[in-house]
Amino acid sequence: MALSDDLKQARREAGLTMVDAAEKLGITQGSLSRIESGDTGVSSQRLIDMAGVYSVSPSSLMDGAVVNALSDKDLDRIGQVIEFVEEVLSEHSSRPKPTVVRETILAIFKQESASIYKSGADFDPTRYRELMSVLVKKD
């Protein structure tokens with residue numbers, strides 16, 4: 001099954017009409033129709049956005065298996081992100097509020113999801129050292 005078919009299936013399983021999904025994605029219904037018909041490609045960020053709106057795993061869409069849960073790849077990646085954030089936070093005496101930590105983990109995971117889609121690259125925490133220094137200084 002093609003990615004366009006998987007995207008259509010994921011939208012339908014999420015209970016969304018094409019109009020509803022397009023609105024949530026901030027695109028026109030025509031644009032979504034072209035994506036679902038395979039006439040238009042989908043960027044990595046758009047794929048991640050669609051997966052979020054449809055409550056499916058981005059990597060499951062790439063693997064051609066729409067599932068309503070995170071894949072093992074996603075779980076491993078988010079585990080690596082959490083370990084990295086916790087390691088950096090353990091080096092400091094103050095700890096940011098849980099909501100700030102959550103937002104940081106999610107921001108890094110979203111970037112990592114895009115990175116793995118584009119290149120299949122392994123998790124590289126050095127990309128996030130600057131973000132973490134800002135986080136630690138926030139509180």
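Predicted model: local features only at pLDDT ≥ 70, side-chain atom pairs only at ≥ 80, totals over all residues.
1. As for the overall fold, the protein has eight helices and zero strands. Of its 139 residues, 38% count as buried, while the accessible surface comes to about 7900 Å², of which 50% belongs to carbon and sulfur atoms. Among contacts with a separation of 6 or more, 57% are made by residues 24 or more positions apart.

2. Helix α2 (residues 18-25) and helix α3 (residues 29-37) have axes that come within 8 Å and cross at roughly 105°, and the two helices are therefore roughly perpendicular to each other. On the α2 side the contact is made by Met18, Val19, Ala21, Ala22 and Leu25, and on the α3 side by Gln29, Leu32, Ser33 and Glu36; these residues divide into six nonpolar, two polar and one charged.

3. The structure holds three salt bridges, one of which joins the side chains of Glu36 and Arg11 at 2.6 Å, N to O. This pair links helix α3 with helix α1 (residues 3-13) across 25 residues, and both partners are buried, Glu36 with a relative accessible area of 2% and Arg11 with 5%.

4. Arg129 and Glu87 form another salt bridge, at 3.9 Å from N to O. Arg129 lies in helix α8 (residues 129-138) and Glu87 in helix α6 (residues 72-90), so the pair ties together parts that are 42 residues apart in sequence.

How values were computed: Residues numbered from 1 in each chain as written. Heavy atoms only, no water. Helix = DSSP H or I, 4+ residues; strand = E, 2+ residues; numbered from the N terminus. Buried < 20%, exposed > 50% of the residue type's maximum accessible area, 1.4 Å probe, protein only. Contact = heavy atoms within 4.5 Å. Areas by Shrake-Rupley, 256 points an atom, 1.4 Å probe, with all protein chains shown as cover. Axes fitted to C-alpha atoms, helices over the stretch in contact; angles between N-to-C directions. Parallel < 35°, antiparallel > 145°, perpendicular 65-115°, else oblique. Nonpolar A, V, L, I, M, F, W, Y, C, P; charged D, E, K, R; others polar. Salt bridge = Lys/Arg side-chain N within 4 Å of Asp/Glu carboxyl O.
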